[in-house]
Amino acid sequence: MIELRNLSVHYGRAIAVNDVSLSFPSGTVNCIIGSNGAGKSTILRTISGLVRPSSGQIVFEGEPIQNLTPKQIVERGIAHVPEGRHVFPELTVEENLKIGAYLRADAAAVKRDFDAICGAFPRLAERRKQFANTLSGGEQQMLAIGRAIMAAPRLVLMDEPSMGLSPVMVATMGDIIRSINAEGRSVLLVEQNANVALSLSEDAAVLEQGRISLAGKAALMKDDEHVRVAYIGV
Amino acid sequence: MQFLVETVLNSAMASASTALVVVGLALIFGVMRIENFAHGELYMVGAYATWLFGTSFGAGYWVGFAAAILVTAVLGAAIEILLLRRLRNNPMGALIVTIGVLLILQTGAAWFFGINSNLLVDAPVSGVLSLGGFNMPWHRIVVIAAAVLILTALTVILRTTKFGWALRAVAQDKDAANLQGISIGRISMSAMALSAALAGAAGSLMAPIVRISPFMGQPVIITAFIVIILGGIGSMEGAIVAAVIYSTFFTFVSVYFDTTIANVAGLCLMLAVLIVKPSGLMGKAQKV
C-alpha cells in the first residue's frame, strides 16, 4: 500500500504537485495518467526521495517515507524505472543489472535474480558484455526494468515505459509489466499513453496541472467521456 | 643511438608520472564535475610526506611512499567532506575553493619546511643501469613500473569491483545512480581520496628525482590541464594516451632544443589537436 497525503511539491516558487491525496493497494498495477508537465514524474521522483516535498506525507506499508534518502527508500523495497530509461551508457548490460542490486548482500539470491532476468530477457543476455549505449530503445527499457527488479523491490515505479517505443514493443512492455505484477510486486505506472496504462491497471488517477481531477477503477475510467476525449483521443 | 634510447626511457618516465597525475584529475572531474586546482599541491604533499616519513624519520623510501599515499588520501577525503560536499550544486564555488586549498597547502608547506628547501629523498634502488654504453638510473625504471602497476590496479578496481561500478555509475548518471541506492556523498569522498592518492603517489615517486619545494605542484598542474584538454575532458583513457603523447613530445623537444621551446611547442600541439578535434583526442561532445 502506497499512500500520498496532501502532497505538495515546489520547484523554487513554481508548484508542480498541488495537495495530492491518493492511495493504491498492494499487489496490483495502478496508474497515474496525465499530459506532459502535469506533475506525474515529480510524484514518482518525490516517492523515490530525489525531490523533497514542500508539505504532505508519503506512507509506504504503514510508515512515512517522505524524509528518507533515496538509498533508504530502495532499502524499504521501492525501485524506480526513470523516464527516458537512464541506463548507465558506458557500463555493460551485466554491470547495469548487477548495480541494481547494489544494496543487497545476499550474493546467492542476487545471482538467482540475475539468471532469472537473463532468462526473461534473452536479448539482454545475448548482449551482456556490450555497453548499454549500444542497445536499441526497447532493449534499454528492458534493461532499466531489469535493473529495477534486481533490487528485489515490492513496489516498482515506472515512468513512461512506453515512451518512444514501437507499437509491438509497447505490447511487449505490457506483458513485462503483467509478469512483474504476477511475481507479487506492486507497480505504479505513470503514463501519457492512457490507453495502455488503463488496460494494465486496477486503479487509476488523472493528474491535471498538479492536481488530481479524477480517481477510480481503471476499467470504468476507460469509458469516462472526459478521459476518452483528453487522453485516449477517441 | 644511446642518447635516443635514454631519451625514450626518460619520456616513458615522464609519461608515467604525468599519467598518474592526470588520471586522478580526470577521475574527480568525471565523478564530481570539478576541476581540482589543488591537485598539483597534493602531488607536492606526496613528495614532502615521503621525505618526512621516509628520510627524516629514517623509515626508508617505501614507508615514505605508503605514508604519502595515506596522507594525500586522507587529505582528499577531508577536502570533499569539509568543503566540496557543501558546494555540490555550485561548481564555480567549488572551483574557487580548490584554488583556496592550493594556496593553503602551498603556504603550509613553505611555513613548515621553508621556501628554499634542500630536502633530499634517497631512491629505493640506487645506482645506474648500464647496458652497452647506455645509462639509466634505476629509480626511473622503478617509476615506470610503479605507475604501470598502479594504473593497472586502478583499471581492475574500476572494472571488476562493486565500488568501481558505483563510481562509474555516478560519473555517468547521478540521478540514476541515486535511484540504485548508491550514496553520492560516499562515492564522492572515496573518489576524491583515490584521486588525491594518485597525485600523492606520483609526487612520492618523483621525490628522489625532482627538487622538492612548496611550488613544485605548479608546473605539474599546468601540464596536467594541457594533457586533460588534449585527451578529452572526462576521459580517463584519453588522459593516459595524451599523457604519453605530450610527455614524449615535451621530453624530445626539451632534449633537442630547450624547455622553454618545449613549453611553447607543447601548447601549440594542444592547439593543433583542438583545431582538428575540438573535444580532444578521446573526448565526447559535451551535453549541455
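Predicted model: local features only at pLDDT ≥ 70, side-chain atom pairs only at ≥ 80, totals over all residues.
Trainee: Let's start with the contact. How many residues does it take from chain B and chain A?
Mentor: It takes 19 residues from chain B and 23 residues from chain A.

Trainee: And what area do they bury between them?
Mentor: About 2000 Å², with 60% of it on carbon and sulfur atoms. In chain B, the residues that lose the most area to chain A are Trp165(B), Leu179(B) and Gln180(B). Together they make up 35% of what that side buries.

Trainee: How many salt bridges are there between the chains?
Mentor: The count is 2. Arg45(A) forms a salt bridge with Asp175(B). Their closest N and O atoms are 2.9 Å apart.

Trainee: New topic. Which residues form the nonpolar patch on the surface?
Mentor: Met1(B), Phe3(B), Leu4(B), Val8(B), Val255(B), Tyr256(B), Phe257(B) and Ile261(B). Together they have about 820 Å² of accessible area. Helix H1 (2–32) and helix H10 (236–256) of chain B each give two or more residues.

Trainee: Which element gives the most?
Mentor: H1(B), with 3 residues.

Trainee: Where is Phe257(B) found?
Mentor: Phe257(B) sits in the loop between H10 and helix H11 (259–276) of chain B.

Trainee: Why is Phe257(B) called exposed?
Mentor: Because its relative accessible area is 57%, and exposed means over 50%.

Trainee: Now strand E6 of chain A. Which way do its residues point?
Mentor: Ile78(A) and His80(A) point one way, Ala79(A) and Val81(A) the other. All are buried.

Trainee: In what sense do E6(A) and E7(A) pair?
Mentor: They pair in the parallel sense, over 4 bridges. Val81(A) stands opposite Met158(A) in E7(A).

Note on methods. Residues numbered from 1 in each chain as written. Chains lettered and ligands numbered in written order. Heavy atoms only, no water. Patch = residues over 30% accessible without salt bridge, like charges linked within 9 Å, V, L, I, M, F, W, Y side chains within 5 Å. Areas by Shrake-Rupley, 256 points an atom, 1.4 Å probe, with all protein chains shown as cover. Salt bridge = Lys/Arg side-chain N within 4 Å of Asp/Glu carboxyl O. Buried < 20%, exposed > 50% of the residue type's maximum accessible area, 1.4 Å probe, protein only. Pairing = 2+ DSSP bridges. Contact = heavy atoms within 4.5 Å. Buried area = accessible area lost by both parts, 1.4 Å probe.
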